[in-house]
Amino acid sequence: MKHKIISLFIIAAILIPFAAVQAAETIKIGALYTMTGRGGQYGKDSEVAIKIALDEVNAKGLPGGAKLDVIITDDKNPQYAVSVAKRYITDEKCKFLFGIISTAIGLAVTEVSKEHKVIFVGTDHAGTDLTANKFQKYYFRSANNTFQSMMAGAYYLKDEVKNWKKIAYIGPDYAYGRDQWMELKWGLDKLGVKYEVVGEYWPKLYEPDYTSYITAIMKAAPDVLVNGMWGGDTVAFIKQAKPYGLFGKMKYFHVDAGGNYEALAGLGADMPAGIIMSARHHNNWPETPANKTYVDKFYKAAGRYPSYAAEGAYVGVHMIAEAIRKVGNANDTEALVKALEGMKIQCPEDPQGFTSYIDPKTHQIVQVQAIGTTVKNDKFPPAKYMLGNFKVYPADKLWPSFEYIDYMTKVKGK
Amino acid sequence: MDINTFIAQFLSGLSTAMLLFLISSGLTLIFGVVNVLNFAHGSFYLLGTYFAYQLMQLFDNFWVGLLVGAVGAGIVGMIIEFLFLRRIYGRAQEGAFQLLMTFAFILILDDVVKFIWGTEYKTIPKPASLVGSLNIGSVTVPTYNIFIIIVGLLVVLFAWYFLTKTDTGKTVRASSLDRIMLGLLGTNVPMIMTLVFGVATAMGGLAGVLAAPLRTVTPGAGVEFIIDSMIVVVIGGFGNFWGALLGALIIGEVLSFGILWMPELATVLTFIVMIIVLIVKPEGLLAKRAVGRK
């Protein structure tokens, strides 16, 4: 008998740690990112930021000793992304959908999230629709939408740019480009700014040659040229426009994605000084310990500085972890939705004294916007110019705008 | 429209056209001689750019980069033709095999570039002598754009001389007309195919390096203009070198003046031109009826 008891103790001593390990759940997040082609840089940067965030979250711990894990797949196109999202839910048993660079793909995947009642945290796509006319309760966004950028831009044009009247726009011919222009004009009208549109140009996304657009813009001679491009298109446009002297003849204004680090790095010394830009995250602003730590960690992990897509992914992982901590598990989706609504989340881009938060009605993260001008700064190589002279716009002046959501719903439908 | 606007827009169109021509001419040459519709042509443009980038990291000299980019793309082109494409010539369903194989090379070469050089945008600066701009009257034209126009014209002159005045050029033209007969006359046709493939892909690489200081050097950049190049080739006539020049000039100028006059429709205009050509002269503006072509 004595031997039996000792044996049982030994077996229990061996099995109990295993049981504890098995009980520690791995909570899976199914992410979709563009990993190849032009947008591949955004996907790769997001992947690095996700790993950093996972390390932080898992080190801090989750209820029941659970661990967060993220699976990443190249999203390719809306149809493919939808099939992967469904597989994530049904086969991989993912508790969250995550990521996505393109608004078109985001719009497709939000339908999967709605149908399966699975929370989808959008981390980079900026089309306002997802937190406006296409809102559904399981969708949350961890980066700003284009309306927030363009509304801040409208304030900047009203207050900081003097003696202008004629304005022209160039942007990619799809929803992202079209929406920015609609939003900026709406913002200017709302602020009572009088202006005259002297040109609207719609090159295709990834247009390699802007030469003829540039000479046409020079002919139209606006006081302000608004650019709605992103990524490599920004690089190509600026490289091609510079020798024409475009930047000396008009104010150049590019506030959703123009100041993204990848464009600053891609242009290097070709970047003109004094042009007005912004991005969803800046490596050199705000100069807070949180932002510096985040940027340093990223550089240490990747050997390069992050583009803005990375911060959205980093914040998104922390949002999910915080919601799980509040609820105590990852299985009660409705409770997780409630936990995310109104959640305050400290982001690297938050200036001293401000904490970003999730607007409970639209599920859009609400953040300050900082618009600057390009100044020489080689502290973040290979960029030779970074943004400086920042003007900061308070978050609650920019979102939510239910008046604009009504307008957008009227224009674009539900 | 005043004359200055006309000149500015015309020169913009011309510089666009010359880059389009440099890319499309290789595409059409491969189709005309080797009878392969090379969907991966853009990948050689990309390879040329990255070879040049790599060399410029070592030597910091644009001209060395230009040479190495073009030659390197040509060598890779010849290897691919010799090791892979040659296996499918003359097979039943050759067209489908061509499509699959060249499309596969788009994906493979794009990923090779990504693995070696990463996804970050790379920069290839203009040579110092070509920075800045010239003023023609009151029209400003970037020096580098003028350089591209000149290179395009030089390629046209060289191609004209090579194809019409040299024996090798005549052999190349003959191989585009009747490969079997040429082989029976004792010419090493497979070698001609490999060489033409190499020259054409080198032209793709050359275009890639020339365009790099104006564009974004990034994986994926090679596939973006393949549609425009196809339009150029369709308008000019598949396999017709001079057709590629005419097609590129038409597309460059239509796009340029379209942007000025009706910017909302500018990108559609090129397709409208292609549709008109396909209705009026489906074989392309400069193509003759294919007689005896193998």
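**View 1. Where helix α9(B) meets helix α10(B) in the predicted model.** On the α9(B) side of this meeting you'll find B:Asp228, B:Ile231, B:Val232, B:Val233, B:Ile235 and B:Gly236, and across from them α10(B) puts in B:Gly243, B:Ala244, B:Leu246, B:Gly247, B:Ala248, B:Ile250 and B:Ile251. Sorted by class, the contact of α9(B) with α10(B) comes out at 9 nonpolar, 3 polar and 1 charged residues. As for the geometry, α9(B) covers residues 226-236 of chain B, and its axis runs 7 Å from that of α10(B), at an angle of about 120°.

**View 2. Chain B against chain A.** Here 35 residues of chain A and 37 residues of chain B make up the contact. On the chain B side, the elements giving two or more residues are α1 (3-34), α4 (94-117), β2 (139-142), α5 (143-165) and α10 (241-261). That list takes in α10(B), the helix that packs with α9(B) in View 1. The top contributor on this side is α1(B), with 8 residues. Split by class, the side of chain B that touches chain A has 14 nonpolar, 17 polar and 6 charged residues.

**View 3. Chain A as a whole.** Count the pieces and you get 14 helices and 15 strands in chain A. The C-alpha trace of chain A spans about 100 × 45 × 40 Å along its principal axes. How does its radius of gyration fit a compact globule? For 414 residues such a globule would be near 22 Å, and chain A has 23 Å, so the two agree. Buried residues account for 55% of the 414 in chain A. Looking at contacts in chain A with a separation of 6 or more, 72% link residues 24 or more positions apart.

**View 4. The two domains of chain A, side by side.** The domain assignment gives domain 1 as 17-144 + 287-366 and domain 2 as 147-281 + 369-412.

**View 5. Where domain 1 of chain A touches domain 2 of chain A.** Domain 1 brings 27 residues to this contact and domain 2 brings 28. On the domain 1 side, α4 (103-116) and α12 (308-327) of chain A are the elements that give two or more residues. The largest share of that side comes from α12(A), with 3 residues. By class, the domain 1 side has 10 nonpolar, 11 polar and 6 charged residues.

Technical notes
Residues numbered from 1 in each chain as written. Chains lettered and ligands numbered in written order. Predicted model: local features only at pLDDT ≥ 70, side-chain atom pairs only at ≥ 80, totals over all residues. Contact = placed C-beta atoms within 7 Å. Helix = DSSP H or I, 4+ residues; strand = E, 2+ residues; numbered from the N terminus. Nonpolar A, V, L, I, M, F, W, Y, C, P; charged D, E, K, R; others polar. Axes fitted to C-alpha atoms, helices over the stretch in contact; angles between N-to-C directions. Rg over C-alpha atoms; globule rule 2.2 N^0.38 Å. Buried ≥ 20, exposed ≤ 12 C-beta atoms within 10 Å, placed from the backbone. Domains from an automatic or database assignment.
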